[in-house]
Amino acid sequence: MTVVLKLFKESIARNLRYPTSGPVGWYINKYFFENKTRFYLKEAAVEACNISKDDVVLEVGFGPGVGIKEAYTKIKDGNGKIYGVDISHSMIRRASGALQPQIQAGKVELILADVAKLPFESDKFDHVYHCNCYYFWDDQVACAQELHRVMKPNANMIAAFYEREIKKASEAGMLKYGNTDPDKYMESLRKAGFQGIELKKWKNTKGYAFSVIVSHK
Ligand SMILES: C[S@@+](CC[C@H](N)C(=O)[O-])C[C@H]1O[C@@H](n2cnc3c(N)ncnc32)[C@H](O)[C@@H]1O
């Protein structure tokens, strides 16, 4: 493998964990976060949440905001609100640009924050979801405990991923800065007090099959 290709892959791996601005950040946005199949993944996560129009919802690690836009469609005619947290300045800027009307209307709020320390009171959210994200949480149990804290009793949480892509990306070394093991994530949920933890297949109307890990407080 040429040195340039090696450096490119290394940069992709880093950007998947912490997206930055610049050419590689642009590349992963276009080909990883915003392409059609990845849109279906966010759509699957939102559908699996079963959001009603007055619900308060949190997306963790929203990237460019594709999932937030989808979740917004569920609450736009009610009193609900969609919150997003992400650790990347670049993703906050990009998603804020894409979601200006929804932010101005007070229906969406995007916050620079780590899932390990959420700037919310306890028992706030009806639903939490995240797509291609838990891999990057350094202490999954502590992060799950923090999410459990901010969820209302019985609120559900959905983790969505596309197994085939995860396998391909892992084999290419692009996920070396994360841990994609679903069993480890589910064990962390158990330790944090989540219930009803289950790995399910989710097929969308176009026939794409995704994996979702469902759980509730
Ligand atoms: C692979 S990207 C996925 C983006 C988007 N969810 C998607 O599927 O297109 C992972 C995202 O999670 C964010 N992230 C990683 N670790 C995080 C943490 N500890 N707390 C909040 N966000 C985090 C990254 O900044 C990035 O935007």
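## The sheet and its surroundings

Author: The strands build an open sheet of 7, in the order 3-2-1-4-5-7-6, with mixed pairing. Helices (H or I, at least four residues) and strands (E, at least two) are DSSP runs numbered from the N terminus, and two strands pair if DSSP finds at least two bridges between them.

This is a predicted model, in which local features need pLDDT of at least 70 and side-chain atom pairs count only at pLDDT 80 or more, while totals for chains, interfaces and linings use all residues. Residue numbers start from 1 along each chain as its sequence is written.

None of its residues is buried: the number is 0 of 9 for residues 195-203, so strand 6 lies largely in the open. Here, a residue is buried if 20 or more other C-beta atoms lie within 10 Å of its own, exposed if 12 or fewer, and partly exposed in between, with C-beta atoms placed from the backbone. Strand 6 runs antiparallel to strand 7 (residues 209-216), and 7 bridges join them. Within this pairing, Glu198 is opposite Val214 and Lys203 is opposite Ala209. The two strands form a hairpin with 5 residues between them, where Gly207 takes a positive phi near 95°.

Strand 7 also pairs with strand 5 (residues 151-161), again antiparallel, through 6 bridges. Phe161 stands opposite Ser211 of strand 7.

A parallel pairing is found between strand 1 (residues 56-60) and strand 4, over 3 bridges. Val57 has His127 in strand 4 as its bridge partner. Helix 4 (residues 66-75) lies across strand 1, strand 2, strand 3 and strand 4, and runs at about 165° to strand 2. Axes are lines fitted to C-alpha atoms, for helices over the stretch in contact, and angles run from 0 to 180 degrees between N-to-C directions.

Most residues other than glycine have a negative phi. Asp123, in the loop between strand 3 (108-112) and strand 4 (125-131), has a positive phi of about 55° although it is not a glycine. With 12 C-beta neighbours inside 10 Å, Asp123 counts as exposed. Asn132, in the loop between strand 4 and helix 7 (140-150), has a positive phi of about 50° and is not a glycine either. Asn132 counts as buried, because it has 25 C-beta neighbours inside 10 Å.

Ile92 lies in helix 5 (residues 89-98) and is partly exposed, with 19 other C-beta atoms within 10 Å. Leaving out residues up to four places away in sequence, Ile92 touches Asp86, Leu110 and Leu112. Contact requires that the C-beta atoms of two residues, placed from the backbone, lie within 7 Å.

The ligand is surrounded by 24 residues, of which the closest are Phe33, Gly61, Gly63, Ser88 and Cys131. A residue is near a molecule if its C-beta atom, placed from the backbone, lies within 6 Å of it. Helix 1 (3-17) and strand 2 (81-86) are the elements that give two or more residues to this shell. By class, the shell has 16 nonpolar, 4 polar and 4 charged residues. Ala, Val, Leu, Ile, Met, Phe, Trp, Tyr, Cys and Pro count as nonpolar, Asp, Glu, Lys and Arg as charged, and the others, Gly among them, as polar.

Helix 1 also meets helix 2 (residues 23-33): their axes come within 10 Å and cross at roughly 70°. The two helices, helix 1 and helix 2, are therefore roughly perpendicular to each other, a label for angles of 65 to 115 degrees, with under 35 roughly parallel, over 145 roughly antiparallel and the rest oblique. On the helix 1 side the contact is made by Ser11, Ile12, Asn15 and Leu16, and on the helix 2 side by Val24, Gly25, Ile28 and Phe32. The residues of this contact divide into 5 nonpolar and 3 polar, with no charged residue.
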